[in-house]
Amino acid sequence: MSNMVSITIDGTSVEVPEGTVIVDAAEQAGIRIPTLCYLKDVSSIGSCRVCSVEVEGVQGLTTACNTPVRDGMAVHTKTKRVEVYRTLALQLILADHGLNTTNYCFSCAQNGSCELQAVCHECGVEDTPFERTTPNLRKPVLEDNPFLAYDANLCIKCQRCIGACNNQAANHTLQTGKKGLRTTILAPFGPDWRATDCESCGNCAQACPTGAITEKRQRDYRAWEVERTRTTCPHCGVGCQIDLITRDGRIVDSEGAQGYSNQGMLCVKGRSGSFDFVHSPDRITAPLIKDRETGEFEEVSWDTALDYVAQRFGRIKKRHGGKALAAFACSRSTNEDVYMLQKMARCAFDTNNVDNCARV
């Protein structure tokens, strides 16, 4: 058990485990501290400075995303000094984001779900007085990758994509670079993307708070047009939780959800290969039983199909015994489905002949 420490945030006392950072302690106290570069257990470099707070006894402001609490700490998140600093930080980010030179928001794939938009709205920042450093230099969009695109013009250098690629997915494909004093993101989505170790998993796109790194599918819908449905990824038995995104009754995208086995992450198959087949015209959507006279398959009801299969299995078991039957599980089934299949084989079929295709 971790040692517990007591701190005060905006006058509210809260007890948290030792090592908890201020932003997470504040959340437990019901107090929101806005962040942009922070993702719990993924990225906490404190680069955006939006989460800065005042800590009694500390001369400067403190980044809440990577400062561990200490016993007796008193934190203030809404002082005039904090609000002025937070506004300045957002205005500088907006200047580098290019919002004041090109009207990206309406055409951006993240419009409506952009965290930069949301945080600026929360903090009352609508514009920036600062000129962009290179207002006329438009960087090309890298989109040779079949799934992902990178628009450096929208990047705020928060490096959440770096954390998602390196710390979360452990691919170490995305890197930071330097151009003079400026940090750049080296996203391998250009013509040479096949020469990199990129697996197109898209965890970087899901981590991006703006429209800098996006799944290309995002261009086809906006956040206010869709609904999300929590389900289990059908691609293998790991059991990753995903949110299927639907518009007008059709699945248009998927996102990683917080599950025990995936912690918000997805592989390229789960993110980009787990739903298109649903709307395929070649998909079989009803049970088929072959007409022995015509040799053609005919659609039947589920009750009819299940009764047919049960009768045939029962006939074989009665004539030859349970050992004449076997259960073979699909590699794309969930662990729960596979457990039920082997249970049915042992209890209903009276056989221990159980196997599966443990690969995809």
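Reader: Among contacts in the protein between residues at least 6 apart in sequence, what percentage join residues at least 24 apart?

Author: Start with the term: contact means heavy atoms within 4.5 Å. Here the share is 57%. Before going on, know your source. This is a predicted model, where local features need pLDDT of at least 70, side-chain atom pairs count only at pLDDT 80 or more, and totals for chains, interfaces and linings use all residues. Residues are numbered from 1 along each chain as its sequence is written, and side-chain values use heavy atoms, with hydrogens and water left out.

Reader: What does the secondary structure of the protein come to?

Author: Helices (H or I, at least four residues) and strands (E, at least two) are DSSP runs, numbered from the N terminus. This protein has eight helices and 16 strands.

Reader: How does the radius of gyration of the protein read against a compact globule?

Author: The radius is taken over C-alpha atoms, and the globule rule is 2.2 Å times the number of residues to the power 0.38. For 360 residues, a compact globule would have a value near 21 Å, but the protein has 27 Å. Along them the C-alpha trace spans about 85 × 55 × 35 Å.

Reader: What percentage of the residues count as buried?

Author: Buried means under 20% relative accessible area, exposed over 50%, and partly exposed in between (1.4 Å probe, protein chains only). Of the 360 residues, 42% count as buried. The accessible surface comes to about 20600 Å², and carbon and sulfur atoms hold 51% of that.

Reader: How many positive and negative side chains are there?

Author: Lys and Arg count as positive and Asp and Glu as negative; His and the chain ends are not counted. Each charge is placed at NZ of Lys, CZ of Arg, CG of Asp or CD of Glu. The protein has 40 positive and 43 negative side chains. The centres of the two sets lie 5 Å apart.

Reader: What about helix H2, and which of its residues are buried?

Author: H2 (residues 80-97) has 18 residues and reaches 25 Å from its first C-alpha to its last, close to the expected 26 Å. An α-helix has 3.6 residues a turn, so residues three or four places apart point the same way. The buried residues of H2 include Val82, Arg86, Ala89, Leu90, Ile93 and Leu94. Their cover in H2 includes strand S3 (52-55), strand S5 (74-76), helix H3 (115-123) and strand S8 (182-186).

Reader: Which phi does Asp41 have?

Author: Most residues other than glycine have a negative phi. Asp41 has a positive phi of about 65° although it is not a glycine. Asp41 sits in the loop between helix H1 (22-28) and S3. Asp41 is exposed, with a relative accessible area of 71%. Lys157 also shows a positive phi, about 60°. Lys157 lies in the loop between strand S6 (148-150) and helix H4 (160-168). Lys157 is buried, at 15%.

Reader: Is Asp151 buried or exposed?

Author: Asp151 is buried, with a relative accessible area of 9%. Its place is in the loop between S6 and H4. Now compare chain and space. Asp151 and Ile213 are 62 residues apart along the chain, yet their C-alpha atoms are separated by 6.5 Å. Leaving aside neighbours within four places in sequence, Asp151 is in contact with Tyr104, Arg138, Val141, Gly211 and Ala212.

Reader: Where is Glu215 found?

Author: Glu215 is in strand S9 (residues 213-215). At 4% relative accessibility, Glu215 counts as buried. Beyond its neighbours within four places in sequence, its contacts include Phe147, Cys201 and Arg271.

Methods. The expected span of a helix is 1.5 Å times one less than its number of residues. Accessible areas come from the Shrake-Rupley method with a 1.4 Å probe; for residues, only the protein chains shown count as cover.
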